[in-house]
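Thanks for coming, everyone. I'd like to walk you through one structure today, so please have the sequence and the 3D view open.

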Amino acid sequence: MTLEGIDGEFRVKPFRIAQYQVTNAQFNAFLLAEDGYKNEEWWKDIERPSYGKPERQESNCPRETVSWYDAVAFCRWLSVKTGTNVRLPAEWEWQQAATGGDPRRQYPWKGEWDSSRCNNNKSQLGRTMPVGMYPLGATPQGVLDMAGNVWEWCLNTYDQLDTTISTSGDRVLRGDSWLTDPEYSNPWAPLTPRAHRVSNRIRGIAESRFNDFGFRLAQDIES
């Protein structure tokens with residue numbers, strides 16, 4: 001597959017991706033666990049900024065006000081808890097999931113832009129919504145909220161597309177959010193397509209925490 005504005009093609013190995021964005025309830029389990037957020041083991045080679053309180057507290061809303069470092073630490077903790085390799089998706093995996101593997105698809109659903117299929121600025125809700133509230137916005141495989149609600153951190157850096165876990169390099173976010181106006185390109189990335197297209201990508205400083213930044217989980221498939 002190809003990425004908009006990036007030279008070269010990407011071979012996407014089989015992988016799993018979560019149907020929903022990580023929720024407050026799921027992230028709170030990490031925060032409250034004795035071996036969770038405060039355990040130095042999960043923060044090796046990355047920074048641990050001071051805790052950021054989410055704007056929305058409902059248990060089934062996507063966890064927002066979360067940094068890339070927070071997301072990586074959560075994945076490390078959950079990997080040990082489950083005995084599997086849980087991680088953030090690389091952006092080429094994220095795009096593969098968002099298109100259902102169809103490179104002609106511009107949105108997670110088939111056809112043109114439809115504001116009713118996701119939580120965006122035109123929804124006039126002014127907030128995140130519980131995950132899975134927009135079933136008509138699902139991908140062919142049933143993955144939800146890949147447009148709108150919260151931007152999703154990806155594993156790789158923005159410029160070099162490096163998936164190494166470190167403190168170097170700004171990271172990629174995909175999917176747009178409840179704050180994004182679908183009528184305009186993102187001002188942070190003026191060369192990208194119109195907002196909410198699955199090819200849209202922005203740069204995020206790894207320690208950034210905003211009320212429309214969240215994440216979802218991915219996993220390798222054992223050969």
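**A walk through the model**

Let me start with a serine: at 13% relative accessibility, Ser79 counts as buried, where buried means under 20% relative accessible area, exposed over 50%, and partly exposed in between, with a 1.4 Å probe and protein chains only. Before I go on, a word on the source: this is a predicted model, where local features need pLDDT of at least 70, side-chain atom pairs count only at pLDDT 80 or more, and totals for chains, interfaces and linings use all residues. Residues are numbered from 1 along each chain as its sequence is written, and side-chain values use heavy atoms, with hydrogens and water left out.

Back to our serine. Ser79 sits in helix H2; helices (H or I, at least four residues) and strands (E, at least two) are DSSP runs, numbered from the N terminus. What does the side chain of Ser79 have a polar atom close up against? The answer is the backbone nitrogen of Val86, 2.8 Å from a polar atom of that side chain. Setting aside neighbours within four places in sequence, Ser79 is in contact with Thr84, Asn85 and Val86, and contact here means heavy atoms within 4.5 Å.

Now to how H2 meets H1. The axes of these two helices come within 11 Å and cross at roughly 75°. Axes are lines fitted to C-alpha atoms, for helices over the stretch in contact, and angles run from 0 to 180 degrees between N-to-C directions. On the H1 side the contact is made by Gln26, Phe27, Ala29 and Phe30, and on the H2 side by Asp70, Ala73, Phe74 and Trp77. By type, those residues divide into 6 nonpolar, 1 polar and 1 charged. For that count, Ala, Val, Leu, Ile, Met, Phe, Trp, Tyr, Cys and Pro are nonpolar, Asp, Glu, Lys and Arg are charged, and the others, Gly among them, are polar.

Next, the core. The largest nonpolar core has 29 residues, and those with the most contacts inside it are Phe30, Trp68, Phe74, Leu88 and Phe215. By nonpolar core I mean a set of buried Ala, Val, Leu, Ile, Met, Phe, Trp, Tyr and Cys residues joined through side-chain atoms within 4.5 Å. H1, H2 and S5 each supply at least two residues of this core, and its largest share, 9 residues, comes from H2. Do look at Phe30: not counting residues up to four places away in sequence, Phe30 touches Gly36, Tyr37, Trp42, Trp43, Asp70, Ala73, Phe74 and Trp77. There is also a second, separate core of 11 residues, which includes Phe15, Ala97, Val143 and Val198.

Ala97 brings us to H3. With 8 of its 9 residues buried, H3 is largely enclosed by the rest of the structure. Among those buried residues are Glu91, Glu93 and Gln95, along with Trp92 and Trp94. H3 is followed by Gly100, whose phi is positive, near 65°.

Most residues other than glycine have a negative phi. Asp45, though not a glycine, has a positive phi of about 70°, and Asp145 has one of about 65°. Which of them is buried and which exposed? Asp45 counts as exposed at 52% relative accessibility, whereas Asp145 is buried, with a relative accessible area of 4%. Asp45 lies in the loop between H1 and H2, and Asp145 in the loop between H3 and strand S5.

Asp145 is also one of the contacts of Gln21, a residue in the loop between strand S3 and H1. At 0% relative accessibility, Gln21 counts as buried. The Gln21 side chain makes a polar contact with the Asn149 side chain, at 3.5 Å. A polar contact is a pair of N or O atoms within 3.5 Å; within protein, one must be able to donate a hydrogen and the other to accept it, and residues adjacent in sequence count only if both atoms are side-chain atoms.

Last stop: Arg127, in the loop between H3 and S5. Is Arg127 buried or exposed? At 18% relative accessibility, Arg127 counts as buried. A polar contact of 3.2 Å joins the Arg127 and Glu58 side chains.
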